[in-house]
Amino acid sequence: MENVALLESQIQLKKMYSLLAEVMDLTGQMAQAADRGDEVSLQMLIDMREEPIHKLQAVRAVLKEQRKGLPPEEGQHLADLLNGAPSQLPEESAFVNQVLQVHQMWEKVIAFDRRLSCKMNGEDSIYK
């Protein structure tokens, strides 16, 4: 795969990681507000969290378009790497590491959000 394609996708992954870190921080603040029973702050934080979530969707769309812009075999290879497939090529190792970091952060955000949602909403949680 071309280094340009990897670099462009890695830029998007860095954006994604940063946005996930922002969502994680806001989710933590939401948990604190919920613990305090501060409904006003909680609603404000929920509203604030929407922006980075929408930006995450936009980054995912950019990555999808980047894959579509590549020849089919390269696009599939990029998709495989983005889904966590290992690479044997040394020039892809930094990219694969970045993918792993994003996946790990994604899992942390989902787990934290699940705990918060279940705590706040019980049986009405979207995770139940």
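Visitor: Before anything else, what counts as a helix or a strand here?

Guide: Helices (H or I, at least four residues) and strands (E, at least two) are DSSP runs, numbered from the N terminus. In this structure, helix α4 is followed by Gly 122, whose phi is positive, near 55°. Two notes on the model: it is predicted, local features need pLDDT of at least 70, side-chain atom pairs count only at pLDDT 80 or more, and totals for chains, interfaces and linings use all residues. Residues are numbered from 1 along each chain as its sequence is written, and side-chain values use heavy atoms, with hydrogens and water left out.

Visitor: How many residues does α4 have, and what span is expected for it?

Guide: The expected span of a helix is 1.5 Å times one less than its number of residues. Helix α4 has 29 residues, and from first C-alpha to last it reaches 41 Å, close to the expected 42 Å.

Visitor: Which residues of α4 are buried?

Guide: Buried means under 20% relative accessible area, exposed means over 50%, and partly exposed is in between (1.4 Å probe, protein chains only). In α4 the buried residues are Phe 95, Gln 98, Val 99, Val 102, Met 105, Val 109, Asp 113, Leu 116 and Ser 117. They pack against α1, α2 and α3, where contact means heavy atoms within 4.5 Å.

Visitor: Now salt bridges. How many are found in the whole structure?

Guide: Side chains of opposite charge can pair when their charged atoms come close. The rule used here is a side-chain nitrogen of Lys or Arg within 4 Å of a carboxyl oxygen of Asp or Glu. Searching the whole structure gives 5 salt bridges. One of them joins Lys 55 to Glu 51, with the closest N and O atoms 3.1 Å apart.

Visitor: Where do Lys 55 and Glu 51 sit?

Guide: Look at helix α2 (residues 39–68): the two are 4 residues apart there, so about one helical turn separates them. Lys 55 is partly exposed at 42% relative accessible area, and Glu 51 is partly exposed at 49%.

Visitor: What about Lys 68 and Glu 65?

Guide: Their side chains meet in a salt bridge too, at 3.8 Å from N to O. Both residues lie in α2, 3 residues apart, about one turn of the helix. Lys 68 and Glu 65 are each exposed.

Visitor: And is Asp 38 buried, exposed or partly exposed?

Guide: Asp 38 counts as partly exposed, because its relative accessibility is 24%. Its salt-bridge partner is Arg 36, with 3.4 Å between the closest N and O atoms. Arg 36 has 53% relative accessibility, so it counts as exposed.

Visitor: Last topic: what is a pocket?

Guide: Picture a 1 Å grid over the protein atoms alone: a pocket is an open set of points where a 1.4 Å probe fits, with protein on both sides within 12 Å along at least five of seven lines, and lining residues have an atom within 4 Å of a point. Grid points are joined across faces, edges and corners, and a volume is the space filled by probe spheres set on the points. The largest pocket holds about 320 Å³. Its lining has 13 residues, with Met 16, Arg 60, Leu 82, Asn 83 and His 103 nearest the centre.

Visitor: Which helices supply the lining of the largest pocket?

Guide: At least two residues each come from α1 (3–36), α2, α3 (72–82) and α4 (93–121).

Visitor: What is the volume of the second largest pocket?

Guide: About 190 Å³. Its lining includes Leu 20, Arg 49, Trp 106 and Tyr 127. Helix α2 gives the largest share of that lining, 5 residues.
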